[in-house]
Amino acid sequence: MADQPRIPRDTAALPACGDGISGPDLSAHKTALRQALLAARRAIDPLQKDRWDAQIRSQVLAWCAAHQVAELGVYWPLRGEPDLSAAYQTLSEAGVRLALPVVLARDAPLGFAEWLPGEAMDKDGMGVAVPAELRMRARPPALLVPCVGFSADFYRLGYGGGYYDRTLAPAPRPLSAGVAYGCMQARFARAPHDVALDLVLTEIEAPRP
């Protein structure tokens with residue numbers, strides 16, 4: 001059991017959002033896909049998840065090294081997202097400045113607060129952990145972006161708020177690496193506001209330049 005995923009890698013088993021769908025129909029299809037992917041992520045065996053998280057952490061460190069990342073926007077895991085905390089500690093000890101996203105307002109890009117692993121944390125109004133002392137800073141030049149799902153061409157399915165799309169859109173574009181389990185790859189149509197990531201790091205996908 002520990003060596004085999006409990007969820008299928010065949011994304012045909014998941015509902016897909018097809019091309020040509022728009023408006024309310026596209027929103028409904030994405031909602032159904034999001035719910036299916038979240039349920040699949042919850043079903044991952046904890047031991048398997050720990051192994052996948054370790055492999056993803058290695059991918060993250062390799063990607064940061066390849067791009068000589070000195071400032072990085074990270075995320076605090078929730079709802080079964082890959083836990084990268086050990087990689088964050090390694091990066092911080094190497095001198096990389098880390099920042100966590102902060103929701104400033106609905107329909108606005110994310111803000112970012114400088115963060116050191118181990119410092120005191122609070123929860124914002126959405127239940128997401130943020131530093132207790134908000135030391136706000138500009139958007140980092142490189143971001144790790146958690147994904148509920150992702151497409152073969154690196155578009156992201158998130159929780160539906162559009163925060164990361166609004167954060168990635170302004171020029172100059174930051175480097176952006178999605179983070180997800182490989183079995184979360186799915187097919188879905190894109191909305192005009194969707195912004196592609198540079199790549200998606202998983203336990204089975206090697207970083208690309």
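**Entry 1: Thr-167**

My cut-offs: buried is under 20% relative accessible area, exposed is over 50%, and partly exposed is in between (1.4 Å probe, protein chains only). Thr-167 sits in helix H4 (residues 163-168). Helices (H or I, at least four residues) and strands (E, at least two) are DSSP runs, numbered from the N terminus.

I then listed the contacts of Thr-167, skipping neighbours within four places in sequence: Pro-109, Leu-110, Phe-112, Arg-139 and Leu-143. Contact means heavy atoms within 4.5 Å.

**Entry 2: ground rules**

The model is predicted: local features need pLDDT of at least 70, side-chain atom pairs count only at pLDDT 80 or more, and totals for chains, interfaces and linings use all residues. Residues are numbered from 1 along each chain as its sequence is written, and side-chain values use heavy atoms, with hydrogens and water left out.

**Entry 3: whole chain**

I counted four helices and eleven strands in the chain. Of its 209 residues, 44% count as buried. I took the contacts between residues at least 6 apart in sequence; 70% of them join residues at least 24 apart. The chain exposes about 10200 Å², and carbon and sulfur atoms supply 54% of that area. Accessible areas come from the Shrake-Rupley method with a 1.4 Å probe; for residues, only the protein chains shown count as cover.

**Entry 4: the core**

Which residues touch the most other members of the largest nonpolar core? I found Trp-63, Leu-72 and Leu-144, in a core of 50 residues. Helix H2 (residues 46-66) gives the largest share of this core, five residues. Such a core is a set of buried Ala, Val, Leu, Ile, Met, Phe, Trp, Tyr and Cys residues joined through side-chain atoms within 4.5 Å. In soluble globular proteins, nonpolar side chains tend to be buried together.

Beyond its neighbours within four places in sequence, its contacts include Trp-63, Leu-91, Val-96, Pro-140 and Leu-144.

**Entry 5: ring pairs**

I searched the whole structure and got three aromatic pairs. Rings of Phe, Tyr and Trp (its six-membered ring) pair if their centres lie within 6.5 Å; planes under 30 degrees apart count as stacked, over 60 as edge-to-face and the rest as tilted.

Trp-52 and Tyr-181 have ring centres 5.5 Å apart and planes at 45 degrees, so this pair is tilted. Trp-52 is in helix H2 and Tyr-181 in the loop between strand S10 (175-179) and strand S11 (199-201), so the pair ties together parts 129 residues apart in sequence. Both Trp-52 and Tyr-181 are buried.

Trp-76 and Trp-115 pair edge-to-face, 5.9 Å centre to centre with 80 degrees between the planes. Trp-76 lies in the loop between strand S1 (71-73) and helix H3 (85-93), and Trp-115 in strand S3 (residues 111-115), 39 residues apart. Trp-76, Tyr-88 and Trp-115 form one aromatic cluster.

**Entry 6: other spots**

Ala-39 lies in helix H1 (residues 23-42). At 35% relative accessibility, Ala-39 is partly exposed. I read 10.0 Å between the C-alpha atoms of Ala-39 and Arg-79, which are 40 residues apart along the chain.

Leu-134 is in the loop between strand S5 (129-131) and strand S6 (136-137). Leu-134 is partly exposed, with a relative accessible area of 44%.
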